[in-house]
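Student: I've got a structure open and some quick questions. Can you walk me through it?
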Amino acid sequence: MTLSDPATSAGNIRIDGDRLWDSLMEMAKIGPGVAGGNNRQTLTDDDARGRELFRRWCEEAGMSMTLDRMGNMFMRHEGSDPDLDPVYIGSHLDTQPTGGKYDGVLGVLSGLEVIRTIRDLGIATRRPIIVTNWTNEEGTRFAPAMLASGVFAGVLDEEYANSRLDAEGKSFGEELDRIGWRGEETPGDRPIHAMFEYHIEQGPILEAENKQIGVVTHGQGLWWLQVTLTGKESHTGSTPMNMRVNAGLGMARITEAVHRIAMQHQPDAVGAIGQANVYPNSRNVIPGKAVFTIDFRSPDLEKLASMRAQLEAEAPQIAQDLGLGIEIEPVGHFDPVTFDERLVGLVRNAAERLGYSHMDIVSGAGHDACWINRVAPTVMIMCPCVDGLSHNEAEEISPEWAKAGADVLLHAVLDAAEIIR
């Protein structure tokens, strides 16, 4: 039986939007930011408190928990056939230092709400359903992002992940042990029939198009390139313009080149410099060193590779013209993602059944689903966010948007988990 069968009265199966919203607001009380958002960075005491609240809610909903060695939380709702591979719903509870209340958290708590609704309505599925909190998706405290899902998918090494250091020199492994959320299960040592991740868009497209649901068909690939320019520190007032070796000027010219390269690869390509530092960073000293990170993204693998190649050809020439030394180091990469066609169809069909406006969309950000897609069929669902603003305490969505996406998640998950009543 599926939700498209008349006997299931599909139109009557909806999540409790008020309960979902109340859960979001309650979780937001843990690790509050200074401007209405959240600062619940991974493996902090606030992260531990958020995990404990999530565990309590799940256990109250009849779920059982397993932890792996990366601290990934797997909350299991049993199916009628426990031996079948489970359907997963996953996202993350950690936030940026100045993060919003919904990025990642919406997906985790909507997964919990799916299980609460199933229990309320007495719905049974053949396959178990597992709601997952992936550790360190944001990568703010411990780089890189999507660290624990990357280990789960075999993309990153467990020893490497445990050795990552924060700004204070504390390691991921030590902090995971300190807060008491390391399990015994080997990361990746569990079957997945399908995984769904529900997330805010983090961009302006859905709101601008007046669509309630984004059916995510692809995820952009990216290259992060760290550039180090070496010049000569000297006094800004007494050094003639034609005798300067200005690393800051080199960074400015490469910044312009990044923008131009991305524009030359339109459509479906973006590029910017997001992190930049000059040294010694004094108002009256010409920078003798600049270190900055370039972020190129595209869902087209050929364009992604072309942008990197063009930058690596042009930037050394810019440096040479200014008398600068240059080093370019790749510090992050994943190829574009194509999500599972069958699961995309389940999401699209659920939105249509429920009468929600929807459109196909490409995810501009990296998500845990991008790594899990390498080892299991995966798909994402998105809801709009106001002005496309995210990674900002002013991030906002409406209760109606949250509910619509969670309704679609419920129906798509029940179809994948094979509803039997």
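This is a predicted model: local features need pLDDT of at least 70, side-chain atom pairs count only at pLDDT 80 or more; totals for chains, interfaces and linings use all residues.
Student: Which residues does the UniProt annotation "domain: Peptidase M20 dimerisation" cover?
Tutor: Residues 220-317, according to UniProt, in an unreviewed entry. UniProt positions are given in the numbering used here, feature names are shortened, and annotations may be inferred rather than shown by experiment.
Student: And what is the chain like over residues 220-317?
Tutor: That stretch is 36% helix and 35% strand. Its end C-alpha atoms are 29 Å apart. Helices (H or I, at least four residues) and strands (E, at least two) are DSSP runs, numbered from the N terminus.
Student: OK, domains. What does the domain assignment give?
Tutor: Domain 1 is 17-220 + 336-420, and domain 2 is 221-334. These bounds come from an automatic or database domain assignment.
Student: How many Å apart are the C-alpha centres of domain 1 and domain 2?
Tutor: 34 Å. In contact (heavy atoms within 4.5 Å) are 9 residues of domain 1 and 11 residues of domain 2.
Student: What area do domain 1 and domain 2 bury between them?
Tutor: About 800 Å², with 69% of it on carbon and sulfur atoms. Buried area is the accessible area (1.4 Å probe) that two parts lose on being put together, summed over both. On the domain 1 side, Gln220, Pro336 and Trp371 supply 63% of the area buried against domain 2, more than any other three residues.
Student: How many salt bridges between domain 1 and domain 2?
Tutor: The count is 0. A salt bridge here needs a side-chain nitrogen of Lys or Arg within 4 Å of a carboxyl oxygen of Asp or Glu.
Student: New topic. Where does UniProt place the feature "binding site"?
Tutor: One set is Asp103, Glu138 and His391, from the unreviewed entry. They are spread over 289 residues of sequence, yet they cluster in space, with a largest C-alpha distance of 9.6 Å.
Student: Which residues make up another "binding site"?
Tutor: His92, Asp103 and His199, again from the unreviewed UniProt entry. They span 108 residues in sequence, but no two of their C-alpha atoms are more than 9.7 Å apart, so they gather at one spot.
Student: Which loop holds aspartate 103?
Tutor: The loop between strand S3 (87-91) and helix H3 (105-121). Glutamate 138 sits in the loop between strand S4 (129-133) and helix H4 (147-152).
Student: What is the phi of methionine 146?
Tutor: Positive, about 55°, although methionine 146 is not a glycine. Its place is the loop between S4 and H4.
Student: Why flag such things?
Tutor: Because most residues other than glycine have a negative phi, and most peptide bonds are trans.

Technical notes: Residues are numbered from 1 along each chain as its sequence is written. Side-chain values use heavy atoms; hydrogens and water are left out.
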